[in-house]
Amino acid sequence: HGWLVPLFSAYVVWTRRAELRRAAGRPSARGLAAVAAGLALFWLGSRGGQMRLCQAALVWEVWAVPFAVYGGGVARLMVFPAAYLCFCIPLGFLDFFTVRLRLGTAAFAASVLNGIGIPVVREGTGLQSLAGEGFSLDIADPCSGLRSLFAMTALTAAYAFLTLRGRVRQWLLFLCAVPLAVIGNAVRIFSITLVARFLGTEAATGFYHDYSGYVVFLVGVLLMLQAGTWIARLPPRRW
């Protein structure tokens with residue numbers, strides 16, 4: 001999804017071009033200081049070999065340069081399109097969450113399977129069936145749901161910005177992206193275990209495993225649309 005993020009940011013800027021033109025004012029000294037701070041961050045990242053700092057500095061400059069040239073009015077309008085570019089930055093340093101996501105997903109699948117009468121023993125992230133011919137599955141790192149979580153948050157942020165009015169409503173829908181992505185991945189793993197139980201491990205870890213992620217992601221998108229409908233109906237309040 002990272003390749004689509006700059007295109008969406010550019011689209012937001014294009015749709016706001018009239019507002020940006022009206023908000024353009026005099027150059028800002030505070031904006032110039034923000035540009036200097038971004039350059040310093042880029043220099044530190046370059047010197048230390050930390051490319052994520054360089055990438056974050058680039059995103060910062062997308063906001064800081066218009067701030068310095070056109071003033072605070074333009075800077076306020078540029079906050080979202082610039083911040084949205086953060087979804088382009090690789091978040092590999094969050095890989096330590098994968099173990100927790102794998103354990104939670106395995107526990108969910110084991111609880112539901114035992115609840116519907118399919119005896120399963122969970123050992124860490126592994127699931128061992130005791131029914132019929134049995135099956136043995138392990139939830140590996142790629143199946144933790146972390147990638148779909150990143151994609152879902154980016155998609156939800158864009159959808160909330162386009163369809164909802166008010167920062168509170170937009171933030172509520174954006175925060176819903178995390179549980180929706182986690183639930184969707186847990187349902188996917190549960191469905192894989194069902195296929196393994198009735199059709200065999202080879203069928204579950206083959207074709208179905210490779211393409212079930214798209215179906216579950218579609219379910220997550222539909223849940224996001226429904227959550228957006230509910231949030232849009234919230235009564236207006238003064239904060």
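Reader: In which hand does helix 8 cross helix 9?

Author: In this predicted model, helix 8 passes helix 9 in a right-handed crossing. The two elements span residues 146–163 and residues 167–199 respectively, and their axes come within 9 Å and cross at roughly 155 degrees.

Reader: Which residues make the contact of helix 8 with helix 9, and how do they divide into nonpolar, polar and charged?

Author: Helix 8 contributes Ser 148, Leu 149, Met 152, Thr 153, Thr 156, Ala 157, Tyr 159, Ala 160 and Phe 161, while helix 9 contributes Gln 170, Leu 173, Phe 174, Ala 177, Val 178 and Ala 181. The residues of this contact comprise 11 nonpolar and 4 polar, with no charged residue among them.

Reader: At what angle does helix 8 pack with helix 11, and which residues meet there?

Author: Helix 8 and helix 11, the latter covering residues 207–232, pack at an angle of about 35 degrees with their axes 11 Å apart, and the crossing of this pair is right-handed. From helix 8, Ser 148, Ala 151, Met 152, Leu 155, Thr 156 and Tyr 159 meet Phe 217, Gly 220, Val 221, Met 224, Leu 225 and Gly 228 of helix 11. This contact divides into 8 nonpolar and 4 polar residues, again with no charged ones.

Reader: What does Phe 80 contact, leaving aside its neighbours within four places in sequence?

Author: Phe 80, which lies in helix 6 (residues 79–84), is in contact with Phe 8, Val 12, Ala 157 and Phe 161 once those neighbours are left aside. Phe 80 and Phe 161 are 81 residues apart along the chain, yet their C-alpha atoms are separated by 8.8 Å.

Reader: How many residues has the largest nonpolar core, and which element gives the most to it?

Author: In soluble globular proteins, nonpolar side chains tend to be buried together. Here the largest nonpolar core has 17 residues, and those with the most contacts inside it are Val 120, Leu 127 and Ile 189. Helix 7 (97–115) and helix 9 are the elements that give two or more residues to this core, with helix 9 giving the most, 5 residues. Leaving aside neighbours within four places in sequence, Ile 189 is in contact with Thr 105, Ala 109, Ile 139 and Cys 143. A second, separate core has 15 residues, including Phe 150, Leu 164, Ala 227 and Ile 231.

Conventions: Residues numbered from 1 in each chain as written. Predicted model: local features only at pLDDT ≥ 70, side-chain atom pairs only at ≥ 80, totals over all residues. Heavy atoms only, no water. Axes fitted to C-alpha atoms, helices over the stretch in contact; angles between N-to-C directions. Helix = DSSP H or I, 4+ residues; strand = E, 2+ residues; numbered from the N terminus. Left-handed = near helix turned anticlockwise from the far one by under 90°. Contact = heavy atoms within 4.5 Å. Nonpolar A, V, L, I, M, F, W, Y, C, P; charged D, E, K, R; others polar. Core = buried A, V, L, I, M, F, W, Y, C linked by side-chain atoms within 4.5 Å. Buried < 20%, exposed > 50% of the residue type's maximum accessible area, 1.4 Å probe, protein only.
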